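Dear colleague,

I am passing on a structure for you to look over, with my notes set out below it.

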Amino acid sequence: MDGLQAFPLKAPAIEIVDLSTGHASDDEEKREVVPDDASFRDDDSGEDDDYLSLYEDMLDGMPDRADWEDEPVDVCTVEESFAFRKRLRLVGEDQFITETIEAGKISAKKLCTAFGIRPPPLLEGQPDHKYYPLLGLGITRELTKRVKLPDYNTIDDAVELLEKSKNIIVLTGAGISTSLGIPDFRSKETGLYSQLQHLGLSDPQEVFDISIFREDPSIFYSVAKDILPSTRKFSPTHAFIKLLQDKGKLLTNFTQNIDDLESHAGILSEKLIQCHGSFATATCVECKYRVKGEEIYKDLKAGRVARCDRCIRTLRQVKPFGMKRKRSVNGISSSKKKRQSYEDSTDDEEYDIAVAGVMKPDITFFGEDLPERFHDRLVQHDRALVDLVLVIGTSLKVAPVSEVSGFLPAEIPQIYISREPCQHIDFDIDMLGECDTIVTELCRRAGWELQHEMVKENSIDVQLHEGYDSRYLFKIHPA
């Protein structure tokens, strides 16, 4: 999904930018991507500059470290990465480069992995200095990222924040719905993308690429049934967000989910931003006629491309009586030939349907702008009011939503709740485990009653993650 037009949330690589205006800050000078020191800067770097925009694209949506396990990549361990990033912030960029690259302690290629950057295939076999621009981008992004607040470290701190906060932003992803049997997108074996390998696409995300949808909507429709919400039930985590709303604490729920379960849970429309849209409605790509999502569910479930009823009615009204389809020399109409790979209609309807607009569920595809409400709510309203951020059930891999954490005021505490840690953002408190389990325990400690049929009277074991001061593991204690 593309970034915003007037408000570039993506962190810049060349200069520090005031994200509320999109212009360079008055008190910040432009930061060069690569230090001036000759040992870290290739004197012949003109050709490297050509790669900078490509490198920036590589940093967006970078795969999780877990996805590198089966590849022959020499990577820094999680502990090494944490130490390198901490040292960078302590001594600054120039001294950090002196202590690492110039001292010969580590290669630029491997050091890239400390900042979550997998060495790209296009640089394989190149001399190490060819990795300097990419490393420079990683370092710049690290230095412009949010810094953890030292005052918030424990579960008690998290509970106290929940109790006293009045304007909480809750940013959610697919992890809050997996307990209902709805797959997330990026889990290595169970995620939707891993299940789409059979389509033969160069990247499973192409299923949600708007240019590919326009070229051949049958690709999306062939898998739509797998992501179509099959239930109106919502999870305990949805109920937790509703509880925050009932207590007058919810500022906004920014959800990346397209299942519309937040609405079913009772989150008010004025407090809900569906960043990536939902299946609640669908729109014709030609005439922009909008219908309730349920009207195309039959086609979605059948894997059949849904056509616009209004387009079909209009075609039938204007088509001259007795008009025949233009046929090619082999007797097959050009329209039919173009779409025969994904049409399934009767002969009587063939002409009308072949030229009628395709109905597209109102979910945001890659290549489409996010709803204007996302930008307006975040920039013009929430940024000035928020006093706590909860990020729940998302790996924050898709921009611009992934950049929200760094855009909000640095002094606002942020808590992360998910199965796996988020490696590229430093939250104040990390709580790892099943989202439902974690929010249930938080409510218990706060003395709040979380009402949901899936909430059981289980003992939940909470342990501090070894090697960390503010990361915790939550597990249901076996009976």
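Two strands are taken to pair if DSSP finds at least two bridges between them, and the elements themselves are DSSP runs, with helices (H or I) of at least four residues and strands (E) of at least two, numbered from the N terminus. This is a predicted model, in which local features need pLDDT of at least 70 and side-chain atom pairs count only at pLDDT 80 or more, while totals for chains, interfaces and linings use all residues. Residues are numbered from 1 along each chain as its sequence is written, and side-chain values use heavy atoms, with hydrogens and water left out.

The chain holds 18 helices and 13 strands, and of its 479 residues 48% are buried (under 20% relative accessible area, with a 1.4 Å probe and protein chains only).

An open sheet of mixed pairing is formed by 8 strands, in the order S5-S4-S3-S9-S10-S11-S13-S12. Its edge strands, S5 (272–274) and S12 (460–464), each pair on one side only, and the twist averages 15° from one strand to the next. Within this sheet, S3 (residues 168–172) and S4 (residues 250–255) run parallel and pair over 5 bridges; valine 170 has asparagine 253 in S4 as its bridge partner.

Two helices lie across these strands: H16 (residues 372–385) lies across S3, S4 and S5, at about 145° to S4, whereas H7 (residues 155–164) lies across S3, S9, S10, S11, S12 and S13, at about 105° to S11. Axes here are lines fitted to C-alpha atoms, for helices over the stretch in contact (heavy atoms within 4.5 Å), and angles run from 0 to 180 degrees between N-to-C directions.

Conventions
Buried means under 20% relative accessible area, exposed over 50%, partly exposed in between (1.4 Å probe, protein chains only).
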